[in-house]
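Keep the picture in view and check each point as you read.

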Amino acid sequence: MKVYWLSRHAPLPSQVAELRRLFGEDVVVEQDPRPFDSVDDILARFRASGADELLVVAPLSVIAQLVQRGVKPLWAEMEQVTDPSLAETEAAGRYYRFVRFRRIAGIEIKFEDV
């Protein structure tokens, strides 16, 4: 079992542990920190990797296009914490901890006039 991790951030130890629990101890995580150009670029890299699962950090509009093309990526649910001692990572002065993985089955984006 292989997970293609398309993010500039490496997976946290807790995330790797959860992937092992979900998919087995032999799970391999291949991180690709390079920026992507398009949904086609993401799909080409994912397919070339030979991975079984995709985790991508991308705008929701990009993830919606992936789902429309039949790929249901994993989502790393993170929770913001105020106590730095409870955090696993920090971004822009905010502290977070990993909660769980979820699979994105669809995204609905609604607009309204400004």
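Which helix does Gln15 lie in? Gln15 belongs to helix α1, which spans residues 13-23. Keep in mind that this is a predicted model.

**The big picture**

- You can pick out 3 helices and 6 strands in the protein.
- Going along from the N terminus, the elements come in the order β-α-β-α-β-α-β-β-β.
- If you line a box up with the principal axes, the C-alpha atoms fill roughly 45 × 40 × 25 Å.
- The protein has 114 residues, and 33% of them are buried.
- Take the contacts in the protein with a separation of 6 or more: 56% of them are between residues 24 or more positions apart.

**Strand β1 and its partners**

- Strand β1 covers residues 2-6, and it's mostly covered, with 5 of its 5 residues buried.
- Lys2, Tyr4 and Leu6 point one way from β1, while Val3 and Trp5 point the other way, and all are buried.
- One partner of β1 is strand β2, residues 28-32; the two run parallel and are joined by 5 bridges.
- Another partner is strand β3, residues 53-56, which pairs with β1 in the parallel sense over 4 bridges.
- Tyr4 is a handy landmark here: it stands opposite Glu30 in β2, and its bridge partner in β3 is Leu54.
- Strand β3 is covered on both faces, with Glu53 and Leu55 buried on one side and Leu54 and Val56 buried on the other.

- Is Gln15 buried or exposed? Its relative accessible area is 4%, so Gln15 counts as buried.
- Setting aside neighbours within four places in sequence, Gln15 is in contact with Trp5, Ala76, Met78, Phe98 and Phe101.
- Leu12 sits in the loop between β1 and α1.
- Leu12 has a relative accessibility of 13%, and it's therefore classed as buried too, since the cut-off is under 20%.
- With neighbours within four places in sequence left out again, Leu12 is in contact with Met78, Glu88, Thr89 and Phe98.

**How α2 and α3 pack**

- Two packed helices are described by the angle between their axes and the distance between the axes.
- How does that work out for helix α2 (residues 39-49) and helix α3 (residues 60-68), and at roughly what angle do their axes cross? The axes come within 10 Å and cross at roughly 55°.
- At that angle, α2 and α3 are therefore oblique to each other.
- The crossing of α2 past α3 is right-handed.
- Which residues meet there? From α2 you have Val39, Ile42 and Leu43, and from α3 you have Val62, Gln65 and Leu66.
- Sort the residues of this contact by type and you get 5 nonpolar, 1 polar and no charged.

Notes:
Residues numbered from 1 in each chain as written. Predicted model: local features only at pLDDT ≥ 70, side-chain atom pairs only at ≥ 80, totals over all residues. Heavy atoms only, no water. Axes fitted to C-alpha atoms, helices over the stretch in contact; angles between N-to-C directions. Parallel < 35°, antiparallel > 145°, perpendicular 65-115°, else oblique. Left-handed = near helix turned anticlockwise from the far one by under 90°. Contact = heavy atoms within 4.5 Å. Nonpolar A, V, L, I, M, F, W, Y, C, P; charged D, E, K, R; others polar. Buried < 20%, exposed > 50% of the residue type's maximum accessible area, 1.4 Å probe, protein only. Pairing = 2+ DSSP bridges.
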